[in-house]
Amino acid sequence: MNLHLATSRMLALVLSGTLLLAGCSEGESPSDSTNSSAPSAKAQRIAAMKQVTDQHSFARPEEARITHLNWKAKVDFDARTISGTATYDIEVAADAERIVFDTHELAIAAVTVDGAPVEFALGAAQPFLGQPLSVPIAPGSKQVAIQYTSDPGADALLWVEAQGEKSPFLFTQSQAILARTWMPVQDSPGIRFSYDAEVEVPQGLMALMSAENPTEMSSDGRYAFRMAQPIPAYLLALAVGEVEFRSVGDRCAVYAVPELIEDAAYEFAEMEQLLLAAEELYGRYAWDRYDLLILPAAFPFGGMENPRLTFATPTIIAGDRSLVALVAHELAHSWSGNLVTNATWDDFWLNEGFTVYFEQRIMEAVYGRETSEMLATLSYQGLVDEVDAISDLNPDDTHLKLHLAGRNPDDGMTAIAYDKGYFFLRLMEETVGRERFDDWLKGYFEAYAFKGMDTERFVEYLDRTLLSDPDEKTAVGLENWIYGPGLPDNCPKVASPRIERVDTTLASWESGRLATADLPWNDWIYQERYRFLSNIADDTPAARMAELDAAWGIGSTGNNEVLFAWMEQAIRSGYTPTYPRVEQFLVEVGRRKFLTPLYRAMKETDNLDMARDIYRKARPGYHAVATGTMDELLDWK
Ligand code: BES
Ligand code: ZN
């Protein structure tokens with residue numbers, strides 16, 4: 001079985017090579033073939049592109065691919081399972097013998113093809129990837145139905161138990177390759193399908209998906225969904241909980257549990273403005289509605305761009321709308337990522353780098369350049385730190401184009417894709433001018449809407465459309481940015497006078513020239529406070545933290561970004577009065593971006609025992625995405 005699979009996989013590669021060759025030659029510029037003797041680096045990459053395959057999926061779309069999903073499922077909180085039937089419409093090549101799905105710890109009960117039971121085969125399980133489910137078909141086959149049950153430990157799912165007054169909650173996180181832990185599917189970002197669904201959940205809970213959603217609780221726990229636009233599997237999403245709907249604009253609303261709905265509606269009242277600004281920049285919004293779901297604090301990310309319904313952490317509710325950049329980011333994905341989608345996880349920067357750029361432009365349009373430049377300055381600092389850290393471990397991981405075969409694609413989720421990607425696009429904007437750049441970017445989203453994009457094809461498109469002038473091309477040095485390490489010398493400079501003033505103020509405070517009571521803390525907005533706290537010297541004594549706490553009550557701030565920066569420094573300074581807050585925070589919040597630095601700070605200050613004690617209590621409440629990282633960091637067995 002495995003040998004057979006391997007042979008046909010090679011055949012499929014050859015086949016896909018031919019198809020892609022035909023597909024891309026049309027776009028090749030004449031200059032591509034000038035250097036005829038030795039194959040240039042570029043020619044080699046074009047050759048590689050002819051075999052572009054997603055190394056993180058068993059699917060072989062050139063042979064048979066899904067085009068539509070009809071999902072009927074039941075959510076069982078007691079058993080912690082989702083069981084049901086996924087029925088796919090399929091498109092089949094003339095010589096196809098099978099269709100291959102991705103599964104990960106799914107119990108497959110039965111498979112039918114056009115209504116008739118067939119003998120399916122599950123291949124050997126591989127780390128991260130799970131098992132291929134191979135279903136025999138004929139060239140005329142139209143529909144495959146898979147009846148299955150998910151595992152109670154499924155990595156995509158987090159089952160949050162009922163607590164006191166609080167109802168239970170379930171949410172999924174499918175990106176990057178976790179959709180296959182709750183749905184047998186061709187789990188590759190280059191494969192798209194529309195879907196409809198009927199889902200049954202316990203009465204008193206609402207079900208929501210990355211689709212047309214209900215706005216009210218149903219009386220019988222049954223809900224119907226429809227996603228008419230084709231999406232890749234990593235954008236499949238489901239949440240079940242006692243949530244309410246509150247409209248905040250013509251096309252925008254928030255969903256949250258009753259305790260948070262009021263605060264959420266206030267915090268995100270400007271969503272529609274962000275949406276209008278985004279459309280003004282890069283074209284019509286393609287998904288009809290844009291709503292936001294506030295998840296339990298255990299959500300491992302800040303936000304996830306599930307189409308029509310962004311999933312978000314409650315830690316962005318600050319009370320003063322200061323953290324809405326995250327919503328701008330997830331909204332921007334409605335173009336970069338959800339419309340034009342990275343073809344493989346090696347091309348992740350095409351999703352995230354473009355999205356950070358677009359996010360910045362939305363922030364600039366709505367809140368002004370000063371605010372967006374402050375954010376860019378913070379990104380720049382984060383990027384420089386991360387480039388340093390990654391260069392020591394694995395310099396190849398600082399290239400925009402990654403090589404994640406055999407690894408968890410999650411490894412690619414670093415500041416490189418996000419912020420190196422952002423600065424690369426900003427460099428192009430500054431090189432060709434904003435007007436030309438904006439026209440180009442809008443055209444790019446239009447040309448590749450609902451399609452996959454890989455780095456090589458992107459470079460080819462860029463050469464042909466934006467950087468055809470050799471001088472501009474040289475000025476950008478895109479080969480160096482995309483295929484080279486670190487941060488190139490021509491990285492754009494960001495200037496934020498307000499952030500620079502914070503740096504001078506910090507220096508005066510650290511040298512003792514400026515008294516703690518004279519800090520302009522109350523005049524500072526979140527970005528300034530964050531900059532100050534995150535740049536305090538690691539060896540600052542606890543007594544100085546005590547002064548800050550006494551003067552400004554920083555330990556009880558409602559802004560989680562500021563609180564996080566405070567707690568990290570408190571750990572590094574050994575300022576023990578903050579430790580109970582750290583523990584409470586870590587037990588309550590599961591957002592990995594906060595967990596990793598906090599646990600790491602404990603580890604690096606010889607507080608590994610404290611870290612493990614807290615982790616023991618907190619771990620059962622975390623999502624698999626977070627425990628995966630923390631288990632390794634804390635050497636947890
Ligand atoms: N799509 C990502 C989240 C993601 C990436 C999940 C890779 C799984 C694998 C999302 O858009 C994102 O980038 N979220 C950020 C927030 C953003 C403002 C940088 C986060 O969660 O921190
Ligand atoms: Zn993102």
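Okay, let's start with a pair of strands: S6 and strand S7, residues 131-136, run antiparallel and are joined by two bridges. Two strands count as paired if DSSP finds at least two bridges between them. Strands here are DSSP runs of E with at least two residues, helices are runs of H or I with at least four, and both are numbered from the N terminus. Within this pair, Ala121 stands opposite Ser134 in S7.

Before I go on, this is a predicted model, where local features need pLDDT of at least 70 and side-chain atom pairs count only at pLDDT 80 or more, while totals for chains, interfaces and linings use all residues. Residues are numbered from 1 along each chain as its sequence is written, chains are lettered from A and ligands numbered from 1 in the order written, and side-chain values use heavy atoms, with hydrogens and water left out.

Back to the sheet. It's open, with three strands in the order S3-S7-S6 and antiparallel pairing. Strand S3 (98-103) and strand S6 (121-122) are at the edges with a single partner strand each, so one side of each has no neighbour in the sheet.

Now the zinc ion, ligand 2. Which residues coordinate the zinc ion? They're His329 and His333, each through NE2, and Glu352 through OE, at 2.0 to 2.8 Å. Donors are N, O and S atoms within 2.8 Å of the metal (3.2 Å for Na, K and Ca), and water isn't among the atoms, so sites may look incomplete. In sequence, the donor residues are spaced H-x3-H-x18-E. His329 sits in helix H5 (residues 325-332) and Glu352 in helix H6 (residues 348-367), 23 residues apart, so this pair links distant parts of the chain.

Are His329 and Glu352 buried or exposed? His329 has 9% relative accessibility and Glu352 has 2%, so both count as buried (under 20% relative accessible area; exposed is over 50%, partly exposed in between, with a 1.4 Å probe and protein chains only).

Last stop, ligand 1. It is surrounded by 15 residues, the closest being Gln175, Gly302, Glu305, Glu330 and Tyr418. A polar side-chain atom of Tyr418 lies 2.6 Å from an oxygen atom of ligand 1. A backbone N or O atom of Gly302 is also 2.6 Å from an oxygen atom of ligand 1. For Gly303, a polar backbone atom is 3.2 Å from an oxygen atom of the ligand. And H5 turns up again: it gives the most to the shell around ligand 1, with three residues.

Definitions and conventions:
Near = heavy atom within 4 Å. Polar contact = N/O pair within 3.5 Å; in protein donor to acceptor, adjacent residues only side chain to side chain.
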